Amino acid sequence: MKTEYREADDAGSWLQEAARIIHSGGLVALATETVYGLAGDATSADAVAAIYFAKGRPSNNPLIVHIPGLAAAKRLAVFSDTAEELANRHWPGPLTLVLPVVPSAQLASAVTAGGASIAVRCPQGPLAALAKTSQRPLAAPSANLSGTVSPTTAEHVRADLDGRIAMVIDSGPAAVGLESTIVDVRGDEPIILRPGALSAEALCMGLLNDASDDEAPVAPGLLSRHYAPSHPLRLDVSPGDVAPHEIYLSFGQPARGSAIALSEAGDLEEAARHLYAALRLADRHAASSGKRGIAVAPIPETGVGVAIRNRLLRAASASG
Ligand code: TXA
Ligand code: MG
């Protein structure tokens with residue numbers, strides 16, 4: 001398949017073209033505020049099967065369904081008062097809610113991996129415009145090959161999925177750079193299944209999942225090998241402790257030599273925006289310079305730093 005690349009220009013002809021592809025069961029990669037997603041019609045079994053196939057994703061790992069607003073979400077998921085309050089406060093935005101699926105929702109069963117719960121999210125960015133224009137709920141995982149880090153640019157999508165999907169819409173780097181926060185709102189107390197772009201502080205939730213607790217429930221996708229660069233990763237390495245065979249990802253100081261700065265100013269939001277591009281770049285540098293590993297500076301565990309550390313920990317355990 002030849003993949004078509006288009007810019008998300010203001011004229012919006014890309015939007016009509018992308019909607020046409022969605023209606024015919026094809027796949028379009030385009031940005032949300034978090035990362036680039038691979039969108040297909042969630043009501044089409046063929047489109048959903050094509051998503052799993054293009055990514056090489058295990059079929060037991062369900063997909064997030066993207067909708068333009070709360071009314072559309074309520075046609076798919078059963079909302080509790082707490083869920084509705086969270087949606088009202090944070091949508092459109094980087095928050096995904098896990099809820100009981102409405103039995104009459106006409107979704108392809110593979111979207112929920114055959115389960116009784118559904119993950120729904122109302123995003124920002126071109127993918128949100130496509131959900132509105134196509135008038136279809138859009139199943140959209142991150143637009144990377146299963147097992148690699150999420151794409152934050154159209155170029156990352158090209159590196160992973162060129163020739164496997166119909167279209168890529170380029171709107172520049174994703175604004176946030178880290179995936180949405182996933183909250184399970186089925187029980188009495190909301191539980192964070194995946195820390196993400198919306199920090200626990202911003203969620204203002206009393207009872208929170210401790211992402212460092214091995215016993216805590218997590219999203220199915222976090223159980224598999226995930227978010228991993230192809231070189232071994234070491235965390236919390238101060239500049240003086242970087243080994244000669246390692247590429248350094250620095251934080252809070254100017255990057256020296258071959259180091260890659262996550263944020264020279266020590267700004268966590270900036271580090272989140274740069275993280276996945278830096279991991280991809282570090283992999284390429286390591287391959288071309290004969291280095292064998294990646295060392296990452298200490299990242300504070302506050303705000304979006306919690307999600308950054310979560311992704312780095314998973315990458316470190318997957319690559320080690
Ligand atoms: O920011 C994001 O969330 C991006 C953009 C494109 O929206 N999407 C994204 O999708 O990160 P993906 O497929 O890469 O990660 C979705 C995660 C997986 O870990 C999956 O297991 C979990 O959501 N998930 C999906 N449905 C679920 C459900 N019903 N219950 C629990 N976890 C679920
Ligand atoms: Mg993903």
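Are Glu 33 and Arg 121 buried or exposed? In this predicted model, Glu 33 is buried, and Arg 121 is buried as well. The two residues also form a salt bridge with each other, in which the closest N and O atoms are 3.2 Å apart. Because Glu 33 belongs to the loop between β2 (28–31) and β3 (36–41), while Arg 121 belongs to strand β6 (residues 117–121), this pair ties together parts that are 88 residues apart in sequence.

The ligand is surrounded by 25 residues, of which the closest are Thr 34, Asn 61, His 66, Ser 180 and Gly 221. For His 66, an N or O atom of the side chain is found 2.7 Å from an oxygen atom of ligand 1. In the case of Pro 220, it is a polar backbone atom that lies 3.4 Å from an oxygen atom of the ligand.

The salt bridges of the structure may be considered next. In general, side chains of opposite charge can pair when their charged atoms come close. Across the whole structure, a search finds twelve salt bridges, including the one between Glu 33 and Arg 121. Another joins Lys 74 to Glu 84, with the closest N and O atoms 3.0 Å apart. Since Lys 74 lies in helix α3 (residues 70–74) and Glu 84 in helix α4 (residues 81–90), the pair ties together parts that are ten residues apart in sequence. Lys 74 is partly exposed, with a relative accessible area of 38%, and Glu 84 also counts as partly exposed, at 26% relative accessibility.

A further salt bridge is formed where the side chains of Arg 234 and Glu 246 meet, at 2.8 Å from N to O. This pair links distant parts of the chain, for Arg 234 is placed in strand β11 (residues 233–234) and Glu 246 in strand β12 (residues 246–251), twelve residues apart. With a relative accessible area of 37%, Arg 234 is partly exposed, whereas Glu 246 has a relative accessible area of 7% and is therefore buried, the limit for that class being under 20%.

Strands β11 and β12 also belong to an open sheet of four strands, whose order is β11-β14-β12-β13 and whose pairing is parallel. The edge strands of this sheet are β11 and β13 (260–263), each of which pairs on one side only.

Within helix α8 (residues 268–289) lies Ser 289, a residue that is partly exposed, with a relative accessible area of 44%. The side chain of Ser 289 reaches the backbone oxygen of His 285 at a distance of 2.7 Å. Ser 289 can also be compared in position with His 245, for these two residues are 44 residues apart in sequence and 9.3 Å apart in space, C-alpha to C-alpha.

Several features of the backbone remain to be described. Trp 91 and Pro 92 are joined by a cis peptide bond, with omega at about -10 degrees, and Pro 92 is found in the loop between α4 and β5 (95–100). In Ala 113, phi is near 50 degrees, which is a positive value in a residue other than glycine. Ala 113 has its place in the loop between β5 and β6, and it is partly exposed, with a relative accessible area of 33%. A positive phi, near 55 degrees, is likewise found in Asp 236, a residue other than glycine. Asp 236 lies in the loop between β11 and β12, where it counts as partly exposed at 41% relative accessibility.

Conventions
Residues are numbered from 1 along each chain as its sequence is written. Chains are lettered from A and ligands numbered from 1 in the order in which they are written. This is a predicted model: local features need pLDDT of at least 70, side-chain atom pairs count only at pLDDT 80 or more; totals for chains, interfaces and linings use all residues. Side-chain values use heavy atoms; hydrogens and water are left out. A salt bridge is a side-chain nitrogen of Lys or Arg within 4 Å of a carboxyl oxygen of Asp or Glu. Helices (H or I, at least four residues) and strands (E, at least two) are DSSP runs, numbered from the N terminus. Buried means under 20% relative accessible area, exposed over 50%, partly exposed in between (1.4 Å probe, protein chains only). A polar contact is a pair of N or O atoms within 3.5 Å; within protein, one must be able to donate a hydrogen and the other to accept it, and residues adjacent in sequence count only if both atoms are side-chain atoms. Two strands pair if DSSP finds at least two bridges between them. A residue is near a molecule or strand if one of its heavy atoms lies within 4 Å of it.
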